[in-house]
Amino acid sequence: MKTCHEHVIRFYLKNMSMGSTVNFVEFKQCPIPTTSYAELSKDMNLINLKKLWIRYGFSEAYEIMAGQFDGLGPGLQQLKIINSQGVQSFNSLAFKGLGDLESLELINNPRLQSFSEGIFLPLTNLVSLEIRQSAIKGQ
């Protein structure tokens, strides 16, 4: 299985210029960055991102950090985090700045155990929320 490393990704992305025509990006088998995804999209010169999918991502911090997606909105409408290994929780400010997000899918993240209180409060336009195949248990 090939994986990408954050410093290698950042090196290559800084040399890309995708502009306004690209509105969907999927990161597959890549580490979840220690900076925000907005930094990566800025490196790619993405200015019209509508959909972001993170598939088979892995996190050494075991958490989606505060501000992980800050700077992607306005405009980001769909976020999917699928089959991400090592993600056990989301910081309460993980979705800060995503007020335009309409669809959030957290699918098959087997180690996901909890959400911080108020995690979904910044998602004021959320229409669809799908959470399945995780380790979250009711109290």
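Is Leu129 buried, partly exposed or exposed? Leu129 is partly exposed, because its relative accessible area is 41%. Here, buried means under 20% relative accessible area, exposed means over 50%, and partly exposed is in between (1.4 Å probe, protein chains only).

## Before we start

This is a predicted model, so local features need pLDDT of at least 70 and side-chain atom pairs count only at pLDDT 80 or more, while totals for chains, interfaces and linings use all residues. Residues are numbered from 1 along each chain as its sequence is written, and side-chain values use heavy atoms, with hydrogens and water left out.

## The big picture

Let's begin with the parts list. The protein has two helices and eight strands, and along the sequence they come in the pattern α-β-α-β-β-β-β-β-β-β. Helices (H or I, at least four residues) and strands (E, at least two) are DSSP runs, numbered from the N terminus.

Of the 139 residues, 42% count as buried. The protein exposes about 7,600 Å², and carbon and sulfur atoms supply 50% of that. Areas like this come from the Shrake-Rupley method with a 1.4 Å probe; for residues, only the protein chains shown count as cover. Now for contacts, meaning heavy atoms within 4.5 Å. Among contacts with a separation of 6 or more, 82% are between residues 24 or more positions apart.

## Strands side by side

Take a look at strand E1, residues 24–28. In a regular strand the side chains alternate between the two faces of the sheet.

Who sits beside E1? Strand E2 (residues 51–55) pairs with E1 in the parallel sense over five bridges; two strands count as paired if DSSP finds at least two bridges between them. Phe24 has Lys51 as its bridge partner in E2, and Val25 has Leu52. E2 also pairs with E4 in the parallel sense, again over five bridges. There, Leu52 has Leu79 of E4 as its bridge partner.

## Salt bridges

How many salt bridges does the structure hold? There are four, each one a side-chain nitrogen of Lys or Arg within 4 Å of a carboxyl oxygen of Asp or Glu. One of them joins Glu26 and Arg55, with the closest N and O atoms 2.5 Å apart. Glu26 lies in strand E1 and Arg55 in strand E2, so this pair ties together parts that are 29 residues apart in sequence. Glu26 is partly exposed, because its relative accessible area is 32%.

Another salt bridge links the side chains of Lys80 and Glu105 (3.6 Å, N to O). Lys80 lies in strand E4 and Glu105 in strand E6 (residues 103–109), so the pair ties together parts 25 residues apart in sequence. Lys80 is buried, with a relative accessible area of 13%, and Glu105 is buried too, at 12%. Then there is Arg132 with Glu130, whose side chains meet at 2.4 Å, N to O. Arg132 counts as partly exposed at 40% relative accessibility, and Glu130 is partly exposed at 27%.

## Two glutamines in one loop

Gln68 is in the loop between strand E3 (63–64) and strand E4 (78–82), and Gln77 is found in the loop between E3 and E4 as well. Why does Gln68 count as buried? Because its relative accessibility is 1%. Leaving aside neighbours within four places in sequence, Gln68 is in contact with Ile32, Pro33, Thr35, Ser36, Tyr37 and Ala94.

Gln77, on the other hand, is partly exposed, with a relative accessible area of 34%. Its contacts beyond four places in sequence include Lys50, Asp100 and Ser103. The C-alpha atoms of Gln77 and Ser103 are separated by 6.3 Å, although the two residues are 26 apart along the chain.

## Back to Leu129

Leu129 is found in strand E8 (residues 128–134). Together with Ile131 and Ile136, Leu129 forms a nonpolar patch on the surface, with about 210 Å² of accessible area in total. Patches are made of residues with over 30% relative accessible area and no salt bridge: like charges are joined within 9 Å, and nonpolar side chains (Val, Leu, Ile, Met, Phe, Trp, Tyr) within 5 Å.
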